[in-house]
Amino acid sequence: QVQPAESGGGLVQAGGSLRLSCEASGRTRSNDRMAWFRRAPGKEREFVASIPWSSGPIYYGNSVKGRFSISRDGAKNMVYLQMNSLKAEDTAVYYCAGKLATRTEYDYWGQGTQVTVSS
């Protein structure tokens, strides 16, 4: 099944931008949607955004609406997260995850990539 692998994390100043990439290797038709989550130190995992491989709605978490944008390239099995107007509170480990069409939960997770926003 799909095996997500994130890249693109790093250190950025507040107000700056960063783009994360997720390679969804092993993707099959049963994998219908991909998402980004994040976990900040001492906090629970938070939903960031999700996108279907085909047509369908795109969702964003309230804390990133208007600043982050999720996109995908089905031909390359890639999912991206463009993060603009970054804030110190966006500092977290960002995870890419895949979901099967038959499931509501995300069962396939990458190792995560660290994003640090300096204020």
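With which residue does Arg 103 form a salt bridge, and how far apart are the closest N and O atoms? In this predicted model, the partner of Arg 103 is Asp 107, and the closest N and O atoms of the two residues lie 2.7 Å apart. A search of the whole structure finds five salt bridges, and the points below take up several of the residues involved.

**Arg 103 and Asp 107**
- Arg 103 has a relative accessible area of 38% and is therefore partly exposed, because that value falls between the 20% and 50% limits.
- Asp 107, with a relative accessible area of 34%, is likewise partly exposed.

**Lys 99 and Asp 32**
- Lys 99 forms a salt bridge with Asp 32, for which the closest N and O atoms are 3.2 Å apart.
- This pair links distant parts of the chain, since Lys 99 belongs to strand β9 (residues 92-100) and Asp 32 to strand β4 (residues 31-39), 67 residues apart.
- Lys 99 is buried, with a relative accessible area of 9%, whereas Asp 32 counts as partly exposed at 25% relative accessibility.

- Asp 90 forms a salt bridge with Arg 38, and here the closest N and O atoms are 2.9 Å apart.
- Through salt bridges that share partners, Arg 38, Glu 46, Arg 67 and Asp 90 are joined into one network.

Terms used:
Residues numbered from 1 in each chain as written. Predicted model: local features only at pLDDT ≥ 70, side-chain atom pairs only at ≥ 80, totals over all residues. Heavy atoms only, no water. Salt bridge = Lys/Arg side-chain N within 4 Å of Asp/Glu carboxyl O. Helix = DSSP H or I, 4+ residues; strand = E, 2+ residues; numbered from the N terminus. Buried < 20%, exposed > 50% of the residue type's maximum accessible area, 1.4 Å probe, protein only.
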